[in-house]
Structures are given as structure tokens and as C-alpha cells.
Number of protein chains: 2
Amino acid sequence: MERVTQLDASNLPALARGCAILGTGGGGDPDVGLLMALQAIEEFGPVTVADLDDLPDDGLVMPCGMVGAPTVGIEKLGNGEEGVRLRDRVEALFGNPVVALMSGEIGGSNGILPASWAVRVGLPVVDADGMGRAFPEIPMMTMEIAGIAPNPSVMTDERGNVVTFDAVDGKWTERLERVVSAEFGGKGASAEYMLTVAEARAATVRNTISLAVRIGRVLEEAETEPLDALVAELDAAVLIRGKVVDVERRTTGGFVRGSASIEGLGEDAGRTLVLEIQNENLVALEGAELRAIVPDLISVLDVESAEAITTERLRYGQRVAVIAYPCDPIWRTPGGLQLAGPSAFGYDYPYVPVEELHARA
Amino acid sequence: MERVTQLDASNLPALARGCAILGTGGGGDPDVGLLMALQAIEEFGPVTVADLDDLPDDGLVMPCGMVGAPTVGIEKLGNGEEGVRLRDRVEALFGNPVVALMSGEIGGSNGILPASWAVRVGLPVVDADGMGRAFPEIPMMTMEIAGIAPNPSVMTDERGNVVTFDAVDGKWTERLERVVSAEFGGKGASAEYMLTVAEARAATVRNTISLAVRIGRVLEEAETEPLDALVAELDAAVLIRGKVVDVERRTTGGFVRGSASIEGLGEDAGRTLVLEIQNENLVALEGAELRAIVPDLISVLDVESAEAITTERLRYGQRVAVIAYPCDPIWRTPGGLQLAGPSAFGYDYPYVPVEELHARA
């Protein structure tokens with residue numbers, strides 16, 4: 001795989017497209033992150049993307065992003081200073097300079113925003129993240145599986161409020177950050193699971209900025225049938241091609257929860273796929289039949305352009321394809337499934353890998 | 001006035017009684033604070049009450065108490081370690097040892113709890129507070145009028161979670177602490193407006209522990225007619241003697257809001273007084289006629305014992321007397337009225353001192 005070493009106007013749109021797909025509906029609107037990043041590089045120059053192998057072992061990596069309901073992100077851009085405040089507070093708390101920023105999750109705008117913050121503070125972003133996708137809750141990170149402490153963690157907003165958390169565990173970090181983000185107006189910038197470069201090499205999903213850019217490039221470069229090209233690239237299963245006939249969605253407690261129904265068209269006429277959503281697309285069902293389930297990735301795409309459609313932009317009548325593809329192997333381990341498998345979201349379904357479900361169907 | 005220099009089993013019950021009255025319905029159930037304090041002194045010995053004049057100028061004073069809806073306090077006692085965690089974090093943040101704790105508000109359990117925390121950390125409480133009563137919102141403190149910064153402020157709970165706030169102002173401190181207290185389960189221990197002894201001498205209401213103990217003593221020592229003795233001590237107006245005929249109360253957003261109606265009995269037959277409540281009793285109305293209004297103090301008392309009845313214990317059928325008496329003069333200044341006068345609570349009524357309203361009636 002080609003390594004991305006710099007982000008600029010030439011590849012940020014590809015990154016945004018890739019992050020939208022890996023966001024599986026969540027992680028915040030990638031167009032918002034793209035706008036922020038393009039503005040930041042115009043002012044501060046290109047963003048360096050560092051490989052963890054090239055950074056000093058004991059350097060401090062700051063995973064960061066926005067916490068809150070993705071529906072709110074469209075209106076609430078932040079002012080760009082959030083990353084500076086997070087970095088300053090993290091350095092004060094850890095007594096150690098931050099050597100690089102990292103996306104907590106590569107999905108949605110959270111895959112891009114940390115790059116826009118990094119260039120403002122003169123630091124690289126690392127080519128890695130804590131999920132390899134997007135997940136709705138903060139502790140659903142590979143760092144949690146690796147035993148990295150989530151705290152002290154920090155939140156800030158565009159007004160300049162800064163809150164520091166020393167919660168007893170990741171679940172309390174999540175609960176407290178969630179209510180603070182709601183009070184901030186639905187979104188807050190945050191950093192948690194700070195770790196050294198040496199720790200990050202083993203505790204993150206590596207090369208995910210490069211992956212997201214490559215996914216975006218596939219869409220940009222496909223002359224015809226971008227959906228087919230994308231499906232081939234991701235080794236994905238197409239669950240249905242059809243029309244959005246129902247969307248039920250509510251923003252509650254800092255989350256978007258709901259479901260969407262897609263009625264098949266063409267070859268898929270007569271079939272209906274239902275998606276269960278908690279910020280991200282978590283379950284795909286056909287009648288009582290499981291077609292794909294978290295932690296595997298489920299993305300809703302425009303059937304023509306194969307561009308991802310985020311949860312908050314799902315609308316009646318859209319012509320879409322729903323695809324599903326395997327998560328990073330770490331999420332299929334017992335520790336990964338305990339943290340972000342079906343039961344972590346209150347579902348009774350067992351986890352079955354998407355490849356297996358697809359072979360059955 | 002006799003100065004209280006020590007709190008122990010001989011005067012803590014009087015303090016609790018006095019705090020209940022000065023709490024004007026809020027500040028948390030004083031019986032809860034009393035239990036905690038009696039337990040603490042049994043284990044750690046009596047609490048020293050220090051006069052601000054006897055402490056070193058540059059020593060750090062930590063105002064503290066519980067934030068949240070008083071209705072929750074009855075069930076949620078905390079485990080006593082909250083004060084230790086607050087002190088430790090405050091010292092780390094300010095880089096300066098705390099020389100004394102102080103009640104943020106002398107009303108309700110918040111007038112007693114800091115004493116129970118102080119003895120655990122081997123420190124005195126100061127004979128002063130930030131209100132001279134209880135108010136529902138954190139920034140309604142004399143320290144705010146004096147220009148003391150509310151931040152950094154700290155919250156903790158019985159589980160061991162610690163949250164540090166650097167909010168942009170007192171209003172944001174209030175908003176953020178309020179949602180965190182709600183997430184903690186309705187209550188959180190907090191410290192804000194940290195200040196030096198020299199600052200505290202001019203920025204607090206002095207001698208309020210002594211005042212509360214004296215009020216409690218009046219009740220304990222009155223052989224007959226404790227209500228008359230209390231009214232004489234406080235120079236209070238009796239607004240009505242009667243029966244609670246209606247209580248409307250809801251716990252929402254970390255506050256108790258509602259109203260209570262008292263129908264006159266005996267001499268007051270045929271009259272009805274309505275109290276507007278936001279944690280504390282804020283307005284007393286007779287028809288369209290204002291009888292008393294915040295920041296003056298309005299207390300609901302058992303008509304026989306003259307013991308205060310907190311907002312969360314108001315019940316249909318109780319025989320009560322409602323009294324009103326002047327607040328500390330600082331609250332009648334323009335700065336005081338802006339911060340905690342009628343308009344600060346969304347009321348259109350002008351502020352009229354209770355003495356004046358009483359002379360009219």
C-alpha cells in the first residue's frame with residue numbers, strides 16, 4: 001500500500017471520501033472536517049503524516065476528535081483553536097511534549113479534524129487511529145483493549161471552556177464527556193487515551209490515513225461504476241441496492257439513535273433491508289435474517305457515485321447501495337467483541353463475520 | 001455575638017437547625033449534613049472553626065459543598081472521601097496548601113458538610129461563607145461580586161471520579177457542574193472560587209457559622225413559643241401561619257422547581273400565600289401582592305417547633321409559619337441584585353426590601 005506522507009489540497013478530498021465510508025454513517029460529517037482542514041492548510045501549509053516507526057519511542061501521542069451527536073456537527077464547526085487548547089492542556093497534565101496528534105477514529109470528520117488541528121500546532125498526525133472505523137462511544141478504542149488509561153482526558157469548546165476528567169474508568173469518561181458535549185451545544189473537542197509512540201505502535205490500527213486516502217482515490221479514479229470499484233477494493237458484500245423508504249432518527253443524550261429501511265430496486269426488488277443506527281450503522285437485517293453486524297463495517301452509499309451518506313443525511317427517496325466489509329482483526333478478538341461487539345450495544349444477536357453471513361445468503 | 005471556635009456534638013445540632021433556617025428551603029437536607037459531621041467528629045475529633053483574622057494572609061481557602069438537586073441528597077450521602085479528593089486536587093491545581101475549608105453557602109447541609117470534610121483532612125473551617133444563606137446557582141456568591149475567579153473548580157463523587165473545570169465564566173461553571181452533578185446521580189461535591197485568606201476577609205459573609213449556631217440555640221433554648229423567639233432573634237416578619245394546601249415540585253436539570261400554597265389558619269384565616277421555589281424559596285405572594293422576594297430570606301417553619309422545613313420535605317397538610325428577613329447587605333448592592341436579585345431568576349418583580357414590604361402590609 002502506498003504510504004501517505006503529507007496531506008494537502010491534492011489528497012484531502014480523497015481522505016474525506018474515504019473517512020466518510022469508514023465512518024459507517026457516523027464520526028461527524030466529513031465535509032465539515034474537509035472544510036476545516038482545507039482552511040487550516042491554506043493558512044499553515046500542508047500536514048505531515050508521520051509513521052509511528054519514525055517517531056521517538058517516548059514521545060507523547062494525543063488521540064483526539066469531536067464527541068457528540070453527528071447531527072449537530074453540520075451547524076457547529078468550532079473555531080479551530082480547540083486543538084491548540086487540547087494540546088496545551090495535555091502537555092501540562094502529562095508534563096511531556098506532544099509529538100503528534102492522532103485521530104481517535106478514522107471515520108467521518110473525526111478522521112480529518114485532527115489533521116487540521118495538528119498543522120495549527122506545528123505537529124504531524126500519525127498514520128493510525130484507535131478504531132479503524134468509527135464507533136459511537138469513546139472507550140471503543142483499540143487503546144482500551146491494550147490497557148492504556150483513558151484519563152486524564154480533556155474537553156474544550158469554541159468558547160474556550162476546558163474540562164479535565166479523571167474518571168474511574170472508560171465508561172465514566174464516556175458518560176461525563178457525553179453530558180458535557182451536550183451542554184456545550186451538542187459537540188465538544190476532546191483528547192483521551194494519551195500514550196507514547198512505543199505504546200501506540202502496538203495499541204492502534206496502523207496506516208488508516210493511507211487506507212482512507214486510497215479508498216477516496218478509488219472513487220475519484222473510477223471512470224465508470226465507482227460502486228463496483230469500491231466493492232472490489234474493500235472486498236465488500238453488497239447487501240442491497242434500493243431506495244430509502246423510512247428513516248427514524250432522534251438526537252438524545254448526545255447520540256443519534258434510530259433506524260432506516262431500504263426497499264430493493266432492480267435485481268433486489270421485493271427485498272427490504274433494515275439498518276439499526278446508534279450514530280453509526282450497527283446492524284443490517286433482512287426480516288429476521290442478520291446480514292451484517294458491528295464491529296464489521298456497514299456503509300450506506302449513493303448508488304451512482306458510491307459516495308457515503310452519513311446517518312444525519314439519510315433521507316426518504318435516496319437511491320442507495322448498502323455494503324458491508326470486515327473490521328480490523330483486533331475487533332474480532334474476545335477483548336474486541338466484548339468492547340464493541342453486538343452485546344456492547346444491547347443487541348442479542350451473536351457476532352457472525354460478514355464474510356460468513358454473505359456466504360450463507 | 002459569641003464566636004464559635006469549635007464544632008462538636010454539643011453544638012452541631014444547633015448548627016444544623018440554624019443552617020436549615022438560613023437555607024430557606026434549599027442547600028440540601030441539614031439532617032444529612034449533621035449525620036455526616038457527627039460521624040466525622042466521632043472518628044477524627046472536633047472541628048476547629050477559625051476566624052479569617054487569625055489565618056495567614058496568603059493561605060488558600062477552599063469554598064466547597066454539594067451541587068445538585070436537594071431532593072436527591074436525602075438518599076445520596078457520599079462516603080466522606082469527597083473532601084479529601086477536593087483538597088488534594090485544589091492543592092495540585094493552585095500549587096499552594098489549603099489552610100482552611102469554607103462552606104460555599106451556610107444554608108442547609110452545605111453549611112455543615114465542609115466541617116465534616118475539614119476534620120478529615122486536619123484543617124479548620126472558617127467562620128464565614130459565600131452567601132450568608134443558600135442560593136440555587138454556584139456563581140451567586142459574594143466572591144463573584146468581589147471579582148474572585150470561579151475557576152479552576154473541581155467536582156468529585158463517591159466513586160472517585162474527579163472533574164476539573166476551567167470555564168470561561170461563572171455561568172459556564174454553573175452549567176457544566178450542573179450537568180456533571182446530574183450524571184453523578186443528582187449530586188456532586190465541588191469546590192470553586194478558591195481565594196486567599198486576605199481576599200476572603202473582604203469577599204465573604206463573616207461569622208455565619210456563629211450566626212447559624214446562635215439561631216439553633218434560640219430554638220433549643222426557647223421554653224415556650226420558639227417561633228416568637230426566633231422571629232425576635234432574626235427581626236423577621238411572619239408572613240402567614242397556616243396549612244400547606246398545595247405543593248408542586250419537579251426535579252429537572254439538577255434543580256428542584258415548583259411552588260407551594262399555604263392557607264391561613266386562626267388569625268390568618270381567609271388568606272393564601274404562594275411561594276415560588278427554585279431549590280430555595282424565592283418569592284412570597286399574596287394574590288398579586290409581593291410579600292417578600294429574593295435575595296431576602298424566606299423560611300418555612302413548623303408552626304409549633306419553629307424548625308425549618310426544606311423544599312423537599314414540604315407536604316400537604318403541614319402546619320407552618322412562613323417568615324421573611326433581610327439578607328446580608330452585600331446582596332442589596334447593585335452588584336448583589338444583578339447576581340441574585342429577582343431578575344436573575346427570571347422574575348419581573350422589582351426588588352423591595354422585606355422590611356418595606358412588611359411595613360406596607
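## A strand pair in chain A

Which residue of β14(A) does A:Glu276 stand opposite? In this predicted model, the residue of β14(A) that faces A:Glu276 is A:Val283. The strands concerned are β13 (residues 272-278) and β14 (residues 280-286) of chain A, which pair in the antiparallel sense over five bridges.

## The seven-stranded sheet

Both β13 and β14 belong to an open sheet of chain A that has seven strands in the order β15-β14-β13-β12-β11-β17-β16, with antiparallel pairing. The edges of this sheet are formed by β15 (289-293) and β16 (297-302) of chain A, each of which pairs on one side only. On average, and with direction ignored, neighbouring strands of the sheet are turned by 35° against each other.

## Two helices of chain B

In chain B, the axes of helix α2 (residues 30-44) and helix α5 (residues 113-120) come within 8 Å and cross at roughly 20°. Because angles under 35 degrees count as roughly parallel, α2(B) is described as roughly parallel to α5(B). The crossing in which α2(B) passes α5(B) is left-handed.

From α2(B), the contact is made by B:Gly33, B:Met36, B:Ala37, B:Ala40, B:Ile41 and B:Phe44, while α5(B) brings B:Leu113, B:Ala115, B:Ser116, B:Val119 and B:Arg120. Divided by class, the residues of this contact of α2(B) with α5(B) are eight nonpolar, two polar and one charged.

## The contact between the chains

The contact between the two chains takes 16 residues from chain A and 16 residues from chain B. On the side of chain A that touches chain B, β7 (162-166) and α7 (170-183) each supply at least two residues, and the largest share, six residues, comes from α7(A). The residues of that side of chain A divide into nine nonpolar, three polar and four charged.

## How the copies are related

Chain A can be laid on chain B with an RMSD of 0.0 Å by a turn of 180° and a shift of 0.0 Å along the axis. The two copies are therefore related as by a two-fold rotation axis. The same surface serves both copies, with 100% of the contact residues of chain A recurring in chain B.

Of the residues of chain A, the one that comes closest to the rotation axis is A:Thr164, whose C-alpha lies at 2.4 Å.

Methods
Residues are numbered from 1 along each chain as its sequence is written. Chains are lettered from A and ligands numbered from 1 in the order in which they are written. This is a predicted model: local features need pLDDT of at least 70, side-chain atom pairs count only at pLDDT 80 or more; totals for chains, interfaces and linings use all residues. Two residues are in contact if their C-beta atoms, placed from the backbone, lie within 7 Å. Helices (H or I, at least four residues) and strands (E, at least two) are DSSP runs, numbered from the N terminus. Ala, Val, Leu, Ile, Met, Phe, Trp, Tyr, Cys and Pro count as nonpolar, Asp, Glu, Lys and Arg as charged, and the others, Gly among them, as polar. Axes are lines fitted to C-alpha atoms, for helices over the stretch in contact, and angles run from 0 to 180 degrees between N-to-C directions. Angles under 35 degrees count as roughly parallel, over 145 as roughly antiparallel, 65 to 115 as roughly perpendicular and the rest as oblique. A crossing is left-handed if the near helix is turned anticlockwise from the far one by less than a right angle, and right-handed if clockwise. Copies are superposed by least squares on the C-alpha atoms of residues with pLDDT of at least 70 in both. Two strands pair if DSSP finds at least two bridges between them.
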